[in-house]
Amino acid sequence: MIRVPDLLSRAAAAMLLASMLVLAGCHSGATKNDPVAKEQGQFDVTIKAYKSGQFVVDNAVLSAADTGSHFAYLKDQGKLPKTVLLIPSDDSKIRDIHLGFMARMQLDYGFAVYYDKKGELTRLNAVEEKARQLEDTPQKAALPDRMQGKEASSGAYDPQTQQ
């Protein structure tokens with residue numbers, strides 16, 4: 001068995017301790033302090049804001065009207081959430097149009113909406129926000145002139161007009 005001199009072992013332990021302190025000092029506690037991420041589990045539903053006033057609900061991009069329909073379905077099933085968290089997605093931040101639509105849903109369905117406002121969790125006040133009428137995606141394609149006034153259920157299939 002090799003014997004290490006007592007002074008050498010103490011010096012090695014002191015160097016190990018010093019190097020750990022130096023590495024800990026470099027870290028400087030720079031962890032991301034995100035209160036929204038910590039409290040996200042406390043909400044019944046989490047929705048992400050998406051482009052053009054749309055929302056990401058359960059990994060599906062929905063228009064404001066479709067999101068409202070989703071909550072109407074949950075209400076019919078008796079599973080309407082009490083609290084909803086609106087967070088920015090990777091593609092879009094929370095805009096006034098998102099807050100307006102969420103204010104409308106808050107008034108219609110009676111749940112509380114919280115959102116991330118500059119790193120601080122804020123409750124949406126539906127009275128202060130201008131609640132917007134729920135609408136579909138605004139960029140709908142125009143129908144050709146020959147299709148104006150017709151519905152999908154009006155009439156049988158006619159192969160002569162399909163050219």
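Predicted model: local features only at pLDDT ≥ 70, side-chain atom pairs only at ≥ 80, totals over all residues.

User: How many salt bridges does the structure hold?

Analyst: The structure holds two salt bridges.

User: Why is the contact of Arg10 with Asp6 called a salt bridge?

Analyst: The cut-off is 4 Å between a side-chain nitrogen of Lys or Arg and a carboxyl oxygen of Asp or Glu. The closest N and O atoms of Arg10 and Asp6 are 3.4 Å apart. That is within 4 Å, so the pair counts as a salt bridge. Both residues sit in helix α1 (residues 6–27), four residues apart, about one turn of the helix.

User: Why is Arg10 called exposed, and what is Asp6 called?

Analyst: Exposed means over 50% relative accessible area, and buried means under 20%. Arg10 has 58%, so it is exposed. Asp6 has 48%, which falls in between, so it is partly exposed.

User: What makes Asp108 and Arg104 a salt bridge?

Analyst: Their side chains meet at 3.1 Å, N to O. The limit is 4 Å, so this pair qualifies. Asp108 and Arg104 both lie in helix α4, four residues apart, about one turn of the helix.

User: Are Asp108 and Arg104 buried or partly exposed?

Analyst: Asp108 has a relative accessible area of 36%. Arg104 has 23%. Buried needs a value under 20%. Therefore Asp108 is partly exposed, and Arg104 is partly exposed too.

User: How do you know that the span of α4 agrees with its number of residues?

Analyst: At 1.5 Å a residue, its 14 residues should span 20 Å. The end C-alpha atoms of α4 are 20 Å apart, so the two agree. After α4 comes Gly110, with a positive phi near 80°.

User: Which residues of α4 are buried, and what do they pack against?

Analyst: The buried residues include His98, Leu99, Phe101, Met102 and Tyr109. The buried residues of α4 pack against β1 (45–49), β2 (55–57), α3 (64–76), β4 (83–88) and β5.

User: What lines the second largest pocket?

Analyst: This pocket has a volume of about 200 Å³. Of its 10 lining residues, the closest to the centre are Ile94, Tyr115, Asp116, Lys117 and Lys118. The elements that give two or more residues to this lining are α4 (96–109) and β5 (112–117). β5 gives the most, with three residues.

Notes
Residues numbered from 1 in each chain as written. Heavy atoms only, no water. 1 Å grid on protein atoms, 1.4 Å probe; cavity = no way out; pocket = protein on both sides within 12 Å on 5 of 7 lines; lining within 4 Å. Points joined across faces, edges and corners; volume = space filled by probe spheres on them. Expected span 1.5 Å × (residues − 1). Buried < 20%, exposed > 50% of the residue type's maximum accessible area, 1.4 Å probe, protein only. Contact = heavy atoms within 4.5 Å.
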